[in-house]
Amino acid sequence: MAQTRPVTIPSSEYLEVGPRRSRRARVRNLALIAGRNKLGAIGLVLVVIVLFTALFSPFLQRYDDARVFQTANPNFNPTASPIEIAANPGIGSPTILDRWERPFTSKHWFGTDQYGRDIYARIVVGARLAVIIGIGASAIAVLIGTAVGLISAYFGGKIDLVTQRFVDSIQAFPGLVLLMLIVSVRDQPSLTLTVLALGFLGFASSVRIVRSSVLSVSQSMYVEAARSYGAGHARLMLRHILPNILAAVVVIFSISIGLYILAEASLSFLGLGPADQTTWGKMVNSGRFAIDLHPWESLFSGAAITLAVLGFNLAGDALRDEMDPRLRGR
Amino acid sequence: MTNYIIRRLLLNVLVLWFVASLVFVATNALPGDYAARRVASTLDMTDQTAAIEYARHELGLDKPLWRQYLNFMGDLATGDLGKSYETGRSTWSELGDRVPTTLELGVLIVFVSFAVGIPIGMVSAIKQNAASDYILRAVAIFGVAMPVFFVALLLSLAVIKLSLFEIDIVGDPHLWSEPVSAGKLYVIPAIAGGISGGAGIMRILRSQMLEVMRQDYIRTARAKGIADSGVWVRHALKNAMLPVLTVMGLTIGTIVGGQIILENMFNINGVGRFLFDKLNSRDFPPFQGTVLLIAAVIVTVNLVVDLAYAWLDPRIRYS
């Protein structure tokens with residue numbers, strides 16, 4: 001659309017890019033950015049925590065996330081007849097589930113859920129899922145989006161028209177409906193299917209941004225020059241245009257990770273998340289039916305989603321401001 | 001301008017045809033159809049093949065796929081959104097029961113978004129880098145990062161723990177017929193949805209306000225002796241609102257998604273829950289029709305926003 005956007009002029013302390021920089025200079029530069037962009041620094045810390053948890057979850061989770069904790073039933077009577085058990089159900093089973101244990105004890109840091117599973121272990125495992133889904137979906141969206149956007153904008157004409165209408169029609173869907181539809185292709189959606197669905201949804205918006213970047217780059221002198229000495233389509237696209245839109249691509253990638261984590265949480269919350277996996281969205285959902293008496297499962301998992309998304313959003317925003325401030329507000 | 005509108009309308013028709021085809025292909029790719037589900041739920045483990053075949057024939061699901069597609073498109077062209085397999089009622093009449101509810105909630109969500117986002121965005125920009133700015137921005141950043149269902153859950157928890165009110169609702173109350181129980185039903189989802197939307201509005205409005213406040217005409221307005229509040233509202237806010245409008249147009253899809261979640265969570269009998277239920281029971285005609293209707297609303301709103309843009313900012317010309 002004919003939308004004019006004022007160009008933000010980089011501040012004077014803009015990141016200096018020189019040829020060879022010593023490691024100390026690079027560290028100092030990073031510290032400079034962190035000092036200037038405090039929110040970004042907070043985001044980076046959160047992202048590092050989430051990535052660390054995801055990477056080392058087997059060592060951090062303390063218990064298996066599916067392990068059901070139970071204690072011996074002191075009232076268990078092995079010789080009780082069925083009639084006696086019916087009259088007094090407390091004596092029928094040799095063990096009792098440790099349901100809804102309180103949090104902040106040395107045994108269960110975050111307490112247990114309704115089946116007696118350790119909530120801390122499940123949160124740690126959920127971090128791995130969130131990272132796989134967020135980064136996986138974003139990578140797919142950006143890879144396909146860049147390829148399609150590049151070709152669509154470079155060749156223009158009919159290809160461009162058809163591609164853009166296709167993108168329009170994906171964007172005319174409410175995102176969640178499209179996700180629900182794709183994920184339902186299997187009765188039990190797998191993790192791969194969830195990641196693919198999210199990537200497909202995100203591909204539309206990355207095509208948009210890549211396309212507009214390519215359109216402005218392909219007008220430049222150096223592309224014209226390369227064309228004049230006989231560079232082919234592939235060479236023009238890959239060697240001359242692609243490197244110059246890479247900043248935008250990296251920004252789209254990092255800025256949308258949080259969105260995918262959020263979208264997956266919504267799907268899981270609706271019961272359409274990846275089957276047989278422990279995700280934060282599912283935990284919020286299963287905890288909410290006992291929210292009045294035992295709110296801990298929902299509270300911890302909801303807080304985990306919020307902090308992870310917050311971290312990826314803030315870090316992504318900071319990266320965008322450093323790399324390409326013109327993408328602000330897209 | 002007229003040419004532009006006509007071209008956009010034609011393109012929208014093309015987009016809607018794409019959407020309809022996508023929904024048709026996608027729903028037919030799903031495992032299990034309504035006939036199988038209905039038969040499986042009524043008969044036990046006896047031989048169901050004949051019963052399924054009969055039900056398929058009855059619903060027209062045994063026709064070749066291209067026939068079904070042509071029928072579907074033909075119905076759409078005449079404004080027929082199909083009939084529910086389950087109830088036999090037309091999609092339009094099913095939606096007639098639910099659209100008012102969804103609109104009520106949707107309007108409330110948009111209202112809360114603006115009521116939260118605009119004042120906070122303005123204050124935050126005017127008091128840039130003051131303590132209040134940092135606090136408000138922190139709130140907004142959290143608002144964007146929190147899933148809407150988590151906000152709703154926290155609000156419900158607060159209502160329960162502080163015993164603010166009892167949620168004792170029977171049926172589907174409307175704001176105009178039973179305002180008290182409708183208010184109880186809608187207050188938590190409306191605030192939860194509004195916080196998510198308002199946080200987004202606040203962030204854009206703040207950056208736009210900061211941009212606008214540096215312009216020369218703001219200095220001129222000040223030099224003329226206009227009071228601060230006048231400068232902020234009449235000169236700065238008006239110009240900063242344009243991008244906010246565009247973004248609101250684009251976030252309609254998000255609001256619809258939020259409504260699916262909130263309506264399911266709070267058992268509100270609206271379009272979002274209808275869509276979810278119909279997908280789960282594989283009752284496709286109403287599902288397809290509803291998705292198409294929502295898509296039509298979204299593309300129309302985007303067109304209206306673009307036109308409003310040109311009307312609000314005469315420098316923008318479409319050709």
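The model is predicted, so local features need pLDDT of at least 70 and side-chain atom pairs count only at pLDDT 80 or more, while totals for chains, interfaces and linings use all residues. Residues are numbered from 1 along each chain as its sequence is written, and chains are lettered from A in the order in which they are written.

**Exercise 1. Work out which secondary structure elements make up chain B.**

Start with the definition: helices are DSSP runs of H or I with at least four residues, strands are runs of E with at least two, and both are numbered from the N terminus. Chain B then comes to 13 helices and zero strands. Next, take its extent: along the principal axes, the C-alpha atoms of chain B fill a box of roughly 85 × 60 × 35 Å.

**Exercise 2. Decide whether B:Trp176 is buried or exposed.**

First, locate the residue: B:Trp176 sits in the loop between helix 7 and helix 8 of chain B. Then apply the cut-offs: a residue is buried if 20 or more other C-beta atoms, placed from the backbone, lie within 10 Å of its own, exposed if 12 or fewer, and partly exposed in between. B:Trp176 counts as exposed because it has 9 C-beta neighbours inside 10 Å. For the chain as a whole, 36% of the 319 residues of chain B count as buried.

**Exercise 3. Describe the side of chain B that touches chain A.**

Contact here asks for C-beta atoms, placed from the backbone, within 7 Å. Count the residues: 44 come from chain B and 41 from chain A. Then list the elements: those of chain B giving two or more residues include helix 1 (2-29), helix 8 (179-213) and helix 13 (284-312). Finally, sort by class (Ala, Val, Leu, Ile, Met, Phe, Trp, Tyr, Cys and Pro are nonpolar, Asp, Glu, Lys and Arg charged, the others, Gly among them, polar). This side of chain B has 35 nonpolar, six polar and three charged residues.

**Exercise 4. Find how helix 7 and helix 10 of chain A are arranged.**

Begin with the axes, which are lines fitted to C-alpha atoms over the stretch in contact, with angles from 0 to 180 degrees between N-to-C directions. Those of helix 7 (residues 175-183) and helix 10 (residues 233-269) of chain A come within 11 Å and cross at roughly 60 degrees. Helix 7 of chain A is therefore oblique to helix 10 of chain A; under 35 degrees would be roughly parallel, over 145 roughly antiparallel and 65 to 115 roughly perpendicular. Last, name the residues: A:Leu179 of helix 7 and A:Ala263 of helix 10 are among those making the contact.

Note on methods
Two residues are in contact if their C-beta atoms, placed from the backbone, lie within 7 Å.
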